[in-house]
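Please read this report alongside the sequence and the coordinates.

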Amino acid sequence: MQRTVRTIIAILACLLMSAQPALYGQSAANKQKAIRVLTLNRVQFLYMEDVARFYGFKMAVNGKTITLSSKYSRLVFTNDGRTANINTVEQYLAFSIRTYQGHVLLSLIDFQKVIDPILRPGTIPRHVVRKIVIDPGHGGKDPGCQSGVVKEKDVNLQVSLRLADLLRKRGYTVYMTRQSDIFPTLDQRVNAANKIKPDLYISLHCNATANPAIDGIEVYCATAAGSAPSDSKVISAKPCPANAYDLENAFLAYHIQKRLVSAIRTSDRGARHKRFKVIADTTAPCILVEMGFLTNAGDRQGLSHSQRQMLTATAIANAIEEYKNAVVPKTPRAATN
Ligand SMILES: [Zn+2]
């Protein structure tokens, strides 16, 4: 179904030159699941009511709030808003939700690259997850952000070592871009990872901002081609190497964010998109985790201590396990006589 949907959307994408909605799935059999595509200002949008029907969700509009729900899932959007709440997890969208002639619209790229990999992980390409690269951000001459005596480079390394230990105990082969207080350049980190050809790359960082009240967790994956990073409206037209793994990255980012936020009492600042070099140029599914704000007293104290470091490492390891199980290659059925 997914391949069919994509093919038809791609064909229609070429044909649609005006704000005239067109159906894909012209046959009677497909009309039940047909989603109308509309091009506005060169961005392709889908009718949210059709998306709801495609997934078998009920759709409710209450003022600016749009809710899609089923027995198992609840998605909440805001008209003009650029985030979606998917089963309690904040998720940044490439384009704002908008209305057109009374219809709520969701961008095609958000449907394909954000929503669908989370709701239908069966559409993510199957592969074995065995080799994992962990990248503790900064190091050596580069302390990263610093608050009092707490340096980001130290927290990143401490949590990375805990995560490496957990993953090795679960049977993964783990490589690290550094295991001590040294400074590999960003190029060295990416090149070393790409040589290893890992099944997964995780970069760990801590955040900082001028407002000490801001706390919480952010998880990043590379901005998809044709969409804008979460902190900008400037569209990245060309793909980066990590865009070969947009579906994998969306699933991973969502589940790492979900598990971290539920394990640690801090704010959910959302799964986001940005082309940080280490998660743009790595040729593997790759995620960058901002584990908390060192400029916030609660996050800083937590991240300096073993309990939160262990909760963080465990939450990430559990999300990796969930990812591994979701993409595990299908084993051929045993022959029956
Ligand atoms: Zn950092």
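## Overall make-up

The model is predicted. Its protein chain has 10 helices and 18 strands. Of the 337 residues, 46% count as buried. Among contacts with a separation of 6 or more, 66% come from residues 24 or more positions apart.

## Helix 4 against helix 7

Helix 4, residues 108-119, packs on helix 7, residues 246-263, at an angle of about 65 degrees, and the two axes are 8 Å apart. Helix 4 is therefore roughly perpendicular to helix 7, as angles of 65 to 115 degrees are classed that way. The crossing of helix 4 with helix 7 is right-handed.

On the helix 4 side, the contact is made by Lys113, Val114, Pro117 and Ile118; on the helix 7 side, by Asp246, Leu247, Ala250, Phe251 and Tyr254. By class, this contact holds 7 nonpolar and 2 charged residues, with no polar ones.

## Helix 5 against helix 10

Helix 5 (152-169) and helix 10 (306-327) form another packed pair, with axes that come within 9 Å and cross at roughly 45 degrees. That angle makes helix 5 oblique to helix 10. Helix 5 passes helix 10 in a right-handed crossing.

Helix 5 contributes Gln158, Val159, Arg162, Leu163, Leu166 and Leu167 to the contact, where they meet Gln309, Met310, Thr312, Ala313, Thr314, Ile316, Ala317 and Ile320 of helix 10. The residues of this contact divide by class into 9 nonpolar, 4 polar and 1 charged.

## Helix 9 and its cover

Helix 9 spans residues 297-304, and its buried residues are Asp299, Arg300, Gly302 and Leu303. Viewed down the helix axis, these buried residues fall within an arc of 170 degrees, so they line one face of helix 9.

The cover over the buried residues of helix 9 includes both helix 5 and helix 10. Strands are also part of that cover, including strand 12 (146-147), strand 13 (150-151), strand 15 (200-207) and strand 18 (286-293).

## Helix 3 and its cover

In helix 3, residues 48-55, the buried positions are Met48, Asp50, Val51 and Ala52. Helix 4 is among the elements that cover them. The cover also includes strand 2 (36-40), strand 3 (43-47), strand 4 (58-62), strand 5 (65-69) and strand 10 (103-107).

Just after helix 3, Gly56 has a positive phi of about 75 degrees.

Terms used:
Residues numbered from 1 in each chain as written. Predicted model: local features only at pLDDT ≥ 70, side-chain atom pairs only at ≥ 80, totals over all residues. Axes fitted to C-alpha atoms, helices over the stretch in contact; angles between N-to-C directions. Helix = DSSP H or I, 4+ residues; strand = E, 2+ residues; numbered from the N terminus. Parallel < 35°, antiparallel > 145°, perpendicular 65-115°, else oblique. Left-handed = near helix turned anticlockwise from the far one by under 90°. Contact = placed C-beta atoms within 7 Å. Nonpolar A, V, L, I, M, F, W, Y, C, P; charged D, E, K, R; others polar. Buried ≥ 20, exposed ≤ 12 C-beta atoms within 10 Å, placed from the backbone. Arc of directions from axis to C-beta.
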